[in-house]
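User: Please take me through the ring-bearing side chains in this model and the residues that surround them. I'd like one connected walk-through with the cut-offs spelled out.

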Amino acid sequence: MIKTTILFLVITLLLASHKQKEKGLKDLFEDSFFIGVALNGRQVSSEDSKVNALIEGNFNSLSPENGLKWALVHPQPESYHFEFGDAYVALGEQLNAFTIGHCLVWHQQVPDWVFEDETGALVDKEELYSRMRTHIQTVAGRYKGKIQGWDVVNEAFNEDGSFRESKWFQIAGSDFIKEAFRNAAKADPEAELYYNDYNVWKASKRNGILDFAKEMKAEGIKIDAIGMQGHYQLESPSLEEIERGIIDIHEAGFKVMITELDVDVLPRPRSAEGADLNMNFANSEEYNPYKDGISPEAEAKLAQRYADIFAIFEKHKDKITRVTFWGLSDRNSWLNNFPVRGRTNYPLLFDRNLDPKKEVFEKLAGVIR
Ligand code: XIL
């Protein structure tokens, strides 16, 4: 009797663990698209078994949250820091994950020296291109065959579809975007190459991006996908706007990727409304309302929002190849410190204890049923 009970228990446990494996996020959407996660340095080299199990069980694509950005990987002209990148691609290989590089050319997290000569004046286009070429060849070249897709240029457009007045643009005009893609294609001819931006759901911005991407393609420059970052809020953008974005990118001839998905559940302070964005908001009742735990109402809204968004993604799974979450758990999300510092946010699918949010997962499972 005891033996039978024990045997029964063991089988139940085995089945349960097997079932749990099967029910990871990536398995839920295995017929739809890759499910990715952005990882930081601690997670990439983690010895915490819960962290490792979470990554392995739920994600089949990886993104580097910060570690491959110019300022981190190439802080000085002659100095590169590849510790993160090497560990990151090793993890990608170990998990057999679709491994993303982020990002080669951006106006943020790039050191000033890239744009300046020894007197501090802006360099000319030729010098800038030489620095860009060295950077891309060295970084994308090192991970050739190990990184399957690169965000080549990040956030080069304004909301109205015009070019952002970055130092890249000031020095080289819009051609810097093409030059970055030309270099990336040379550094790793096999890698997919992406243009990545936020608010791609806005028609004006999207039109600017797509016109330029089509122009590049017509000139024979390799560009495979447009990444919609997907930093969303509970109420905005509308589902129609998200859907329109996906359809438009597809119709323009590019793959669609959701590259940095999260849902901000906190009220957004606007500097226009008088909030001082430099202050710490930890003790603000108004802007940090869930510092001791999210309310059931807000959690329910989050679950519904994710279900609604994934229903759109599912509907267009023939156009979308990857959906990546910007962070593993609420504990790690950049939204605890953006757009203001010191808040307690709940934008992801795993909570601060790394446990799955039950209500969100139940709703999500409903989407593909
Ligand atoms: C963010 C990181 O998550 C933060 O840790 C860092 O302090 C700033 O950058 N768009 C992007 C990402 O393309 O690289 C940004 O990541 C979030 C917005």
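Analyst: Let's begin with a charge over a ring: Arg352 lies over the face of Tyr346, 4.9 Å from the ring centre. Lys217 has its charged end over the ring of Phe254, at 4.7 Å from the centre. To count here, NZ of Lys or CZ of Arg must be within 6 Å of the ring centre and within 35 degrees of the ring normal.

A word on the numbers: this is a predicted model, in which local features need pLDDT of at least 70 and side-chain atom pairs count only at pLDDT 80 or more, while totals for chains, interfaces and linings use all residues. Residues are numbered from 1 along each chain as its sequence is written, and side-chain values use heavy atoms, with hydrogens and water left out.

Now to rings facing rings. The structure holds 25 aromatic pairs (Phe, Tyr or Trp rings, the six-membered one for Trp, with centres within 6.5 Å; stacked if the planes are under 30 degrees apart, edge-to-face if over 60, tilted for the rest). One of them is the stacked pair of Phe34 and Phe98, at 5.0 Å centre to centre with 25 degrees between the planes. This pair links distant parts of the chain, since Phe34 sits in strand 1 (residues 34-39) and Phe98 in strand 3 (residues 98-105), 64 residues apart (strands are DSSP runs of E with at least two residues, helices are runs of H or I with at least four, and both are numbered from the N terminus). Phe34 counts as partly exposed because its relative accessibility is 32%, whereas Phe98, at 19%, counts as buried (buried is under 20% relative accessible area, exposed over 50%, partly exposed in between, with a 1.4 Å probe and protein chains only).

Phe82 and Tyr143 form an edge-to-face pair, with 6.1 Å between centres and 80 degrees between planes. These two also link distant parts of the chain, 61 residues apart: Phe82 is in the loop between helix 5 (70-73) and helix 6 (83-95), Tyr143 in the loop between helix 7 (125-142) and strand 4 (149-154). Phe82 is buried, with a relative accessible area of 13%, and Tyr143 is buried as well, at 1% relative accessibility. Elsewhere, Phe29, Phe33, Tyr306, Phe310, Phe313 and Phe325 form one aromatic cluster.

Glu179 lies in helix 9 (residues 175-187) and is buried, with a relative accessible area of 12%. Its C-alpha atom is 9.2 Å from that of Ile221, 42 residues apart along the chain.
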